[in-house]
Amino acid sequence: MTTTPGKESSNLPGKPPVVDLATWQAAREELLVREKAHAREGDAIAAARRRLPMVEIDGGVEVTGADGPVPFVDLFQGRDELVIYQHM
């Protein structure tokens, strides 16, 4: 859909103004700087999350598996490492 500047439909609440290409490009470049900073900060937070210390858990504690209660260490099924994420 195309609109003509000055029409009543372009005065709707929340609708951005119609501008020339140079104005749009300047606004886009300014936003791109912010978007890149946001991405870098997100990457830094994710890296910090990966560096969080680990907690050792007693392997004898029973947990409920698909076939009922089993020792926690059995969840490893012969693997050296098992990663568990706690959400919230």
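Phe-72 and Phe-76 are both buried, where buried means under 20% relative accessible area with a 1.4 Å probe and protein chains only. This is a predicted model, so local features need pLDDT of at least 70, side-chain atom pairs count only at pLDDT 80 or more, and totals for chains, interfaces and linings use all residues. Residues are numbered from 1 along each chain as its sequence is written, and side-chain values use heavy atoms, with hydrogens and water left out.

Back to those two rings: the aromatic pair count comes to one, and Phe-72 with Phe-76 is an edge-to-face case at 5.8 Å centre to centre and 85° between the planes. To pair, ring centres must lie within 6.5 Å, and planes over 60 degrees apart count as edge-to-face.

As for the chain overall, 6% of its 88 residues count as buried. Its elements run α-β-β from the N terminus, with helices being DSSP runs (H or I) of at least four residues and strands (E) of at least two.

Pro-53, Met-54, Val-55, Val-83 and Ile-84 lie nearest its centre. Lining residues have an atom within 4 Å of a point, and the volume is the space filled by probe spheres set on the points.

| Largest pocket | Value |
|---|---|
| Volume | about 710 Å³ |
| Lining | 16 residues |
| Nonpolar lining | eleven residues |
| Polar lining | one residue |

Technical notes
On a 1 Å grid over the protein atoms alone, a cavity is a set of points where a 1.4 Å probe fits but cannot get out, and a pocket is an open set with protein on both sides within 12 Å along at least five of seven lines; lining residues have an atom within 4 Å of a point. Ala, Val, Leu, Ile, Met, Phe, Trp, Tyr, Cys and Pro count as nonpolar, Asp, Glu, Lys and Arg as charged, and the others, Gly among them, as polar. Rings of Phe, Tyr and Trp (its six-membered ring) pair if their centres lie within 6.5 Å; planes under 30 degrees apart count as stacked, over 60 as edge-to-face and the rest as tilted. Buried means under 20% relative accessible area, exposed over 50%, partly exposed in between (1.4 Å probe, protein chains only).
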